[in-house]
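Work through the exercises below with the sequence and the 3D structure open beside you. Try each task before you read its solution.

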Amino acid sequence: MSENRNVNRFKLIFLLLILSVVFIIIIVNAVKLGVQTVYPRQYVNLVEENAKSFEIDESLLYALIKTESGFDKNAVSSVGAKGLTQITPDTFSWLQTKTGEEYEEDALFEPEISIYYGAYFLDMLLEEFGNTETALAAYHAGRGKVNEWLSDPRISPDGVVLENIPYEDTAGYVKRVVRNYKKYKEIYDSNK
């Protein structure tokens, strides 16, 4: 009788242990799914293709798109920037002089156009400024404004890094993209 109790007790403990492990796995996956919902990877093929083509970290391109449009391909900003990567019509026209292509500005609502030109522009800025945060500031405030800031030792003592971005909205934008970038790296790079 005592032996049966011990066997039953062992079975119960074993069953509880198995159920605990299954519960933990379910909770971990639910949390992971929740985090991936907050930091989605949409337009995966387009992002991967353009990140590879321009040698940009995929996570940075996802962070830029999340920050700029929240993955809304029809997004329009208060300054008229359009699409997933929120490029202004003037910047789009200027970029097309570099690519030799000709599109109407509403082509920015097409994910393949928006992601291509967003990655192309980001790549140009990373090459020009050599610093991710400075390139992001230029993406937001413009190359001319950032070059002006870099020449001011109160803003950029070394002429490369912006230590004190004078535009609050640009400073906040850079912080958001960098925060999103770190989250995308944390969530998705561990899966590779």
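**Exercise 1: Thr-99**

Thr-99 is found in helix 4 (residues 89-99), where a helix is a DSSP run of H or I with at least four residues, numbered from the N terminus. The model is a predicted one, in which local features need pLDDT of at least 70, side-chain atom pairs count only at pLDDT 80 or more, and totals for chains, interfaces and linings use all residues. Residues are numbered from 1 along each chain as its sequence is written, and side-chain values use heavy atoms, with hydrogens and water left out.

Task: Find which residues Thr-99 touches, not counting residues up to four places away in sequence.

Solution: Begin with the cut-off, since contact means heavy atoms within 4.5 Å. With those sequence neighbours set aside, Thr-99 touches Tyr-116, Tyr-117 and Tyr-120. Next, take Tyr-117, which is 18 residues from Thr-99 along the chain, while their C-alpha atoms are separated by 9.5 Å.

**Exercise 2: Helix 3**

Task: Decide how many of the 12 residues of helix 3 are buried.

Solution: Apply the definition first: buried means under 20% relative accessible area, exposed over 50%, and partly exposed in between (1.4 Å probe, protein chains only). By this rule 10 of the 12 residues are buried, so helix 3 is largely enclosed by the rest of the structure. One of them is Ser-69, which counts as buried because its relative accessible area is 13%. Finally, look at the surroundings: the buried residues of helix 3 pack against helix 2 (44-54), helix 5 (111-129), helix 6 (132-141) and helix 8 (168-188).

Terms used. Helices (H or I, at least four residues) and strands (E, at least two) are DSSP runs, numbered from the N terminus.
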